[in-house]
Amino acid sequence: MIEDIRIDDFDYPLPDARIAVHPLEERDSCLLLVKDEEGELSTKRFTDLPGLLPADSMLVYNNTRVINARLRFRKGTDGTGALIEIFCLEPRCPADYAVNFASTSSCSWLCFVGNSKRWKDGPLTMSLKVREESLTISATRLSREGNASVVEFSWDNPEVTFSAIIGAIGEIPIPPYLNRSTEESDSTDYQTVFSHIDGSVAAPTAGLHFTPRVLDGIDSRAIPRRELTLHVGAGTFQPVKSDTIGEHEMHSEFIAVPRSLIAELASTSRRVIAVGTTSVRTLESLYHLGCMIASGEDASVLPQWYPYSPSHPSLTVEEAMQAVLDLLDREGSDTFVASTRLMIAPGYRFRIVRGMVTNFHQPRSTLLLLVSAFLMQRPGAPSWREIYDYALAGPYRFLSYGDACLFL
């Protein structure tokens, strides 16, 4: 049973010295560990990627942009009280990301609250200027949900949007394992060159290695590049703390896929190469959501274990994509929007993704489970542990600002 997989089998020693605290000055000069279609491992540079992609590939990447999700308030009117950190996770009202960011008087978010015990009741306030517009913003805790809180933000200047406010006072939430404070350089270093849809609280880090010259090299080979959106949640950093993965509750993440890409997936013979685990998760979720639609189920959220259910319908990719397209036609929409809680672990069968550009992931993480599942698609291929041992024996740098992998 998938649920009986022990997370201890996905642990490995990662010395702090191997964690990249900053990216290389030229982000595409990082190392690229390649596992080719025959299972052979080799070390290249990321600038070699365009020539390594199969000629019949289609590259799909995540266009999400990391928001300044970490806000710092001080209690009291004189700005000398206890520091309260509010980490915005996902919008609640309005629930739509774009509409929430465009709010001009109030909105609410599900948030982590740091130093929560010092914020017992009452609003937190802050006076600021945004593009010469003065305002006062208040944060009020409405309720608690597990280890998070629903926080309402309200402000007194309708000329200013919530997006502009967090852009002015918020910080980019770099990963906790970097063990350092956010620096000004992270505002650009922790964004991909193709990011333009606000909503993530963590970067789709495999995309951080791409540069205009790498993209130009891919274009010169006439390999199509396509975009989708998954807003990365803070849960991506959460290690599996239970003994078996069946006890781990997957976090939910927002996905949006344009109709044009869905139609292309329904008919293309090209091999889909996903940039990052977020793109993998979105593409594979899309197939299962199509199966849910075809079965007459509510496809607003993909349950964690749906792909492993014995009652899962056995549809072709074309049939699943057509079910999504039919739904979009009925709704008169050009974009399919849903949430996914998909857990991809060894034993999972990939329906859409044939290759993956990814980083090196944390021990005991769901991302490492996903990579292991992908590598197991080809009998006799090296395991995740063999690949990570190969990297640790060499000069590879790990995690968000580290080096990359290409798995075919």
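Predicted model: local features only at pLDDT ≥ 70, side-chain atom pairs only at ≥ 80, totals over all residues.

Visitor: Why is α7 called roughly perpendicular to α8?

Guide: Helix α7, residues 276-294, packs against helix α8, residues 317-331, at an angle of about 65 degrees, with the two axes 8 Å apart. Angles of 65 to 115 degrees count as roughly perpendicular, and therefore α7 is described as roughly perpendicular to α8. The crossing of this pair is left-handed.

Visitor: Which residues make the contact between α7 and α8?

Guide: On the α7 side the contact is formed by Leu-286, Tyr-287, Gly-290, Cys-291, Ile-293 and Ala-294, and on the α8 side by Val-317, Ala-320, Met-321, Ala-323, Val-324, Leu-327 and Arg-330. By class, this contact comprises 11 nonpolar residues, one polar and one charged.

Visitor: Which residues of α6 and α8 are in contact, and how do they divide by class?

Guide: From α6 the contact takes Arg-259, Ile-262, Ala-263, Leu-265 and Ala-266, and from α8 it takes Val-317, Glu-318, Met-321, Val-324, Leu-325, Leu-328 and Asp-329. These residues divide into nine nonpolar, no polar and three charged.

Visitor: Turning to the open spaces, what is known of the largest pocket, and which element gives the largest share of its lining?

Guide: The largest pocket has a volume of about 860 Å³ and is lined by 30 residues, of which Glu-90, Leu-110, Gly-235, His-251 and Ser-252 lie nearest its centre. Strands β6 (83-93), β7 (106-114) and β13 (253-258) each supply at least two lining residues, and the largest share, four residues, comes from β6. By class, the lining has 12 nonpolar, 11 polar and seven charged residues.

Visitor: What lines the second largest pocket?

Guide: The second largest pocket, with a volume of about 270 Å³, is lined by 13 residues, and Arg-354, Phe-374, Gln-377, Arg-378 and Leu-408 are those that lie nearest its centre. At least two lining residues come from each of β14 (271-275), β17 (353-359) and α9 (366-375). The lining divides into seven nonpolar residues, one polar and five charged.

Visitor: What makes a space a cavity, and how many of 30 Å³ or more are found?

Guide: The term cavity is used where a 1.4 Å probe fits but cannot get out, whereas a pocket is open. A search of the whole structure finds two cavities of 30 Å³ or more. The largest cavity has a volume of about 250 Å³, and its lining of 21 residues includes Ala-203, Thr-205, Thr-236, His-361 and Leu-367, which lie nearest its centre. Helix α7 gives the most to this lining, with three residues, and the lining as a whole divides into 10 nonpolar, 11 polar and no charged residues.

Visitor: What is the volume of the second largest cavity, and which residues lie nearest its centre?

Guide: The second largest cavity has a volume of about 140 Å³ and is lined by 14 residues, with Met-250, Arg-281, Thr-366, Leu-367 and Leu-370 nearest its centre. The elements that contribute two or more residues to this lining are α7 and α9. Its residues divide into seven nonpolar, five polar and two charged.

Visitor: Finally, where is the cis peptide bond, and what is its omega?

Guide: The cis peptide bond joins Cys-93 and Pro-94, with omega at about -5 degrees. Pro-94 is found in the loop between β6 and α2 (97-101).

Visitor: What is the phi of Asn-115, and where is this residue placed?

Guide: Asn-115 has a positive phi of about 60 degrees, although it is not a glycine. Asn-115 is placed in the loop between β7 and β8 (124-130).

Key:
Residues numbered from 1 in each chain as written. Heavy atoms only, no water. Axes fitted to C-alpha atoms, helices over the stretch in contact; angles between N-to-C directions. Parallel < 35°, antiparallel > 145°, perpendicular 65-115°, else oblique. Left-handed = near helix turned anticlockwise from the far one by under 90°. Contact = heavy atoms within 4.5 Å. Nonpolar A, V, L, I, M, F, W, Y, C, P; charged D, E, K, R; others polar. 1 Å grid on protein atoms, 1.4 Å probe; cavity = no way out; pocket = protein on both sides within 12 Å on 5 of 7 lines; lining within 4 Å. Points joined across faces, edges and corners; volume = space filled by probe spheres on them.
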